[in-house]
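Okay, thanks for having me, everyone. Let me put the model up on the screen.

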Amino acid sequence: MPRHGSMFVKQYLQRFIFSAGTALILGACTSAQSDSDGKQGYADLGAEHPVVRANSSASGTYLAGIVAGHNRDYEIATELMLHALEASPEDPRLLARSFLLTASTGRDDQALDLAKRLLDVSPEQSLAHLVLVIDAVEREDWEAARERIEATPNVGVNTILEPMFSAWTDLAQDDLDKALENLEPLSKKEGFQSLYGIQIALLKDLGGRPDDARKDYLALLGASEQPTLRQVNIVADFLSRQGDKEAARGLIETYLEQDPENAIANHALTRLDSDEELQRIISKPGDAFAEILFGFASLHAQEKAYDTGLVYANQALKLRPDYEEAKILVGEIMQTQGRSRAAIDLYKTIPLDSPYAWTIGLRIADELDALGLEEETLVALAQLEDLRPERFEPHLRKGNMLRASERYAEAADAYGEAINRIDENNSRYWSLFYFRGIAYERIKKWPKAEADFLKALDLSPDQPHVLNYLAYSWVELEKNLEEAEQMLIKAVELRPDDGYVVDSLGWVYYRLGKFDEAVKYLEKAIELKAEDPVINDHLGDAYWQVGRKHEARFQWRRALSFEPEEEQVELIRTKIDKGIVADRSES
């Protein structure tokens with residue numbers, strides 16, 4: 001659907017609102033999309049588009065909002081649901097949906113208001129209670145927080161959250177003993193011993209009992225076969241603050257033995273080596289709430305409960321607006337939901353001096369590329385090149401993008417820059433030579449292309465796409481035909497359902513004059529890639545050589561219908577008119 005600012009908004013609303021209410025229309029609307037930035041200019045929708053208020057029913061707008069949500073148009077869905085709610089402000093269904101949308105899209109003030117209204121009519125709504133708990137925590141109104149925690153239904157995930165929330169509320173009121181007592185039920189929850197262990201240690205750490213905290217931190221690490229990076233960072237920070245920087249360094253170095261390129265652990269090690277303090281993850285009770293929320297947001301995201309995960313993550317960000325891990329999680333969920341522009345905008349709030357900057361920069365470049373924003377992608381990649389000049393990844397991505405845009409000479413240069421930054425004898429980098437070989441072949445620098453293909457096969461001999469590309473090129477050049485045949489037999493064994501690979505084997509048989517074998521494989525290739533013009537053209541040639549001339553002309557006409565490359569069009573037309581005079585090279 002074309003997108004043209006406010007006109008698109010009006011058409012979108014009309015399409016949904018005036019027709020909503022029947023299954024037929026709802027089915028027809030499933031292909032509607034939002035603006036690429038996911039926002040659509042809805043901030044003052046009511047004034048700018050009175051059609052929403054004047055001509056829409058609450059049920060129609062509600063159904064439109066449901067469909068928009070299914071189509072991942074979350075900002076539009078939120079506005080539609082809020083407008084429906086204006087007409088039926090006490091409807092529990094509308095309140096619940098509007099609350100979830102505002103809370104999951106980070107509209108904190110609206111979510112807070114809707115949470116209060118929703119609990120008036122549906123007191124069992126756990127997420128609404130959560131939003132009110134976090135509001136009290138943000139204001140450091142610990143009595144209000146306690147009341148809200150106690151009012152939350154003690155079911156489901158709340159049975160895990162409640163002991164932790166209560167404990168940190170106690171600590172905020174300077175009662176560590178009560179905090180430890182209130183956390184105790186968590187120790188009896190199967191599968192949550194590790195979570196209980198870290199909470200106990202954190203409470204004692206912040207509560208002023210460092211000796212006890214040290215014992216609990218070390219016990220936690222001892223009980224874990226492979227501690228998480230988060231646990232390692234928390235314990236290393238504690239050890240560093242206690243003046244034991246050697247122990248902190250040893251802990252991080254041990255982690256890096258398993259994950260030597262981990263940017264976060266390396267960043268922490270650099271800070272220790274520079275005699276700087278590590279980042280303190282929990283410096284006040286509100287930070288602990290944010291940490292808990294982030295953990296549960298991650299769990300929900302892993303279970304694909306994305307809306308709920310977003311609620312938890314956005315509440316964590318409400319308490320800690322600079323919480324980079326929570327931002328990254330929200331961005332990951334947005335990417336999963338197809339909200340590329342919103343994810344990019346969020347990622348750009350992470351500063352370049354963050355240890356996450358490199359990874360996030362690569363994500364931004366990938367998303368911009370997926371959106372087809374070539375110039376913006378190049379700018380993002382140039383920024384990454386400056387950030388870490390020794391890394392090959394930005395140059396690889398640049399090469400891939402330029403190759404997809406048929407800017408082959410520039411792509412070859414970009415791949416060359418990537419190759420300059422790698423160990424050329426490491427087999428994991430075979431694809432760099434393969435991609436550069438393609439770029440060279442497309443700009444008719446065959447000796448360089450052939451050398452790169454051979455290098456790729458030297459690094460990884462069983463890559464079917466490299467085998468196919470090199471062998472097919474040899475066939476077209478009418479050289480090394482027997483070697484090409486063996487390479488393509490191997491490629492077909494590795495990729496029997498790849499129409500292009502099967503076509504290549506059929507074509508080498510054609511070049512070798514084994515026309516019956518050529519027909520056999522080219523017919524198989526057509527079954528796999530029926531609408532490819534080159535394969536249809538090849539099959540036509542093979543049919544002609546075995547005397548099936550009517551079928552040959554039929555295949556050539558099919559080839560023309562599938563829009564072959566321009567230089568092939570006249571050749572195919574000539575064959576339709578005159579047939580193949582001698583062989584393919586003269587046709």
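Predicted model: local features only at pLDDT ≥ 70, side-chain atom pairs only at ≥ 80, totals over all residues.

Residues are numbered from 1 along each chain as its sequence is written, and side-chain values use heavy atoms, with hydrogens and water left out.

So, pockets. By pocket I mean an open set of points on a 1 Å grid over the protein atoms alone, where a 1.4 Å probe fits, with protein on both sides within 12 Å along at least five of seven lines; lining residues have an atom within 4 Å of a point. Volume is the space filled by probe spheres set on the points, which are joined across faces, edges and corners.

The largest pocket holds about 1600 Å³. It has 38 lining residues, and Glu441, Arg442, Tyr472, Val534 and Glu565 are the closest to its centre. Helix 28 gives the largest share of that lining, 6 residues; helices here are DSSP runs of H or I, at least four residues, numbered from the N terminus. By class, the lining has 16 nonpolar, 7 polar and 15 charged residues. For the classes, Ala, Val, Leu, Ile, Met, Phe, Trp, Tyr, Cys and Pro are nonpolar, Asp, Glu, Lys and Arg are charged, and the others, Gly among them, are polar.

The second largest pocket comes in at about 1100 Å³. Its lining counts 42 residues, with Thr228, Arg230, Glu291, Phe294 and Ser298 nearest the centre. Helix 18 contributes the most there, 8 residues, and the lining splits into 21 nonpolar, 12 polar and 9 charged.

Now the helix pairs. Helix 23 (374-387) packs on helix 24 at about 160°, axes 9 Å apart; axes are lines fitted to C-alpha atoms over the stretch in contact, and angles run from 0 to 180 degrees between N-to-C directions. That makes the two roughly antiparallel, the word for angles over 145 degrees. The contact has 5 nonpolar, 2 polar and 4 charged residues.

Last one: helix 6 (74-87) and helix 7 (92-104) pack at about 145°, with axes 9 Å apart.

Definitions and conventions: Parallel < 35°, antiparallel > 145°, perpendicular 65-115°, else oblique.
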